[in-house]
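Look at the structure below and follow the description from its pockets to its sheet. Keep the sequence at hand while reading.

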Amino acid sequence: MSTCTTVARDLDEPFSGTAATATTWLLLEQPGPWGAKALTESHLDRHLGRALERAAKGTGVRVALIRRPGRHADVGAPPPRQVFAAHTVPGGVWLRAATIQDPRQLLDLDLGALGRGDHRTFDTVLGGRPHTGDPLALVCTNGKRDRCCALLGRPLAAELTASDVPGVWEVTHLGGHRFSPTVLVLPYGYAYGRAEAHTVKDVLHAAREGRVVVDGCRGCSAWERPGQAAELAVRTAVHEYTAEALGVVRTTGDAPRWEVTVAHTDGRRWRVVVAQSNPLPARPESCGASVLGTPARMDVVEVRELTAARAALAS
């Protein structure tokens, strides 16, 4: 049986520049089943879900539901819930955690401030604190959104849990179903496609040491898609794997061509030319889609280190 994942794999569709974009992730534990639009189609109060969607719009915050791997039968009233917030912009990365009784408390958060990297309302409203445990591995398993996430994501989450890998959660939606199993690793916000248990373990080991694995990486959620592709290209070109060493400081142009300036904390800068193309045949971008599409891909056509004078102009 053909799936969107099968087609993308057969076409060797590249990962780079396909990660969901969010400067900050806000994750709420919600046991039980999830619908395709989980914030309003789960055991979370749908009015609360709609209010969170409205509050997050335009803030850079992406709200998602998480749950522990395993069976998801209706067990009645949920226990105290875990909440995480993670800011993924290099130079200001943080991961906060809280335990709450009433998810309506999230409506008192300043999501605009969270999106900018200010976690003070998370701390004061929810009793938030720094997350001191292992990095988080969020595995997309929402089969109601796309069957590939259930067919491939749930077994991955189960295998990681059975191997006693800490920090594993199921998550409602990471985008890019055709790259299932998809995984987001926090706090640094790098997403991975076609993940396998051993690769996730390698990625988590690197994250614990403040490093990034580029193999299978879709990009960092802090950047828009051209920036994701540009940053990964520079990492690969100069063999720089320290998580917060690089940042996207400028993007000019518009589809289908951008010039992206990537900066290193040591002062070096690169000009990266990224071109958008749609070379692959039209096909459903997700399982069950009735409309054919041709997903845009981000192709890096040039990586050039800038001289000091040019770097100053690119600031």
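The residues that line the largest pocket of this predicted model divide into nine nonpolar, four polar and five charged. The lining has 18 residues, and those nearest the centre of the pocket are Leu39, Glu53, Arg62, Val63 and His173. Helix 2 (46-56) and strand 2 (61-67) are the elements that give two or more residues to this lining. Strand 2 gives the most, with five residues. The space in the largest pocket comes to about 410 Å³. Such spaces can be found by calculation: rolling a probe the size of a water molecule over the atoms shows where empty space is left.

The second largest pocket has a volume of about 210 Å³. Its lining consists of 14 residues, with Tyr192, Thr199, Val203, Asp215 and Gly216 nearest the centre. Two or more lining residues come from each of strand 8 (183-186) and helix 6 (197-208). Helix 6 gives the most, with four residues. Sorted by class, the lining of the second largest pocket has eight nonpolar, three polar and three charged residues.

Strand 6 can be followed through its partners. Strand 6 (residues 136-140) runs antiparallel to strand 8, and four bridges join the two. Within this pairing, Val139 has Val183 as its bridge partner, and Leu138 stands opposite Leu184. Strand 6 is also joined by four bridges to strand 7 (residues 168-171), but here the strands run parallel. In strand 7, Glu170 stands opposite Val139.

Which way do the residues of strand 6 point? Leu136, Leu138 and Cys140 point one way, while Ala137 and Val139 point the other way. The residues pointing either way from strand 6 are all buried, and buried here means under 20% relative accessible area. Because five of the five residues of strand 6 are buried, the strand is largely enclosed by the rest of the structure.

Technical notes. Residues numbered from 1 in each chain as written. Predicted model: local features only at pLDDT ≥ 70, side-chain atom pairs only at ≥ 80, totals over all residues. Heavy atoms only, no water. 1 Å grid on protein atoms, 1.4 Å probe; cavity = no way out; pocket = protein on both sides within 12 Å on 5 of 7 lines; lining within 4 Å. Points joined across faces, edges and corners; volume = space filled by probe spheres on them. Nonpolar A, V, L, I, M, F, W, Y, C, P; charged D, E, K, R; others polar. Pairing = 2+ DSSP bridges. Buried < 20%, exposed > 50% of the residue type's maximum accessible area, 1.4 Å probe, protein only.
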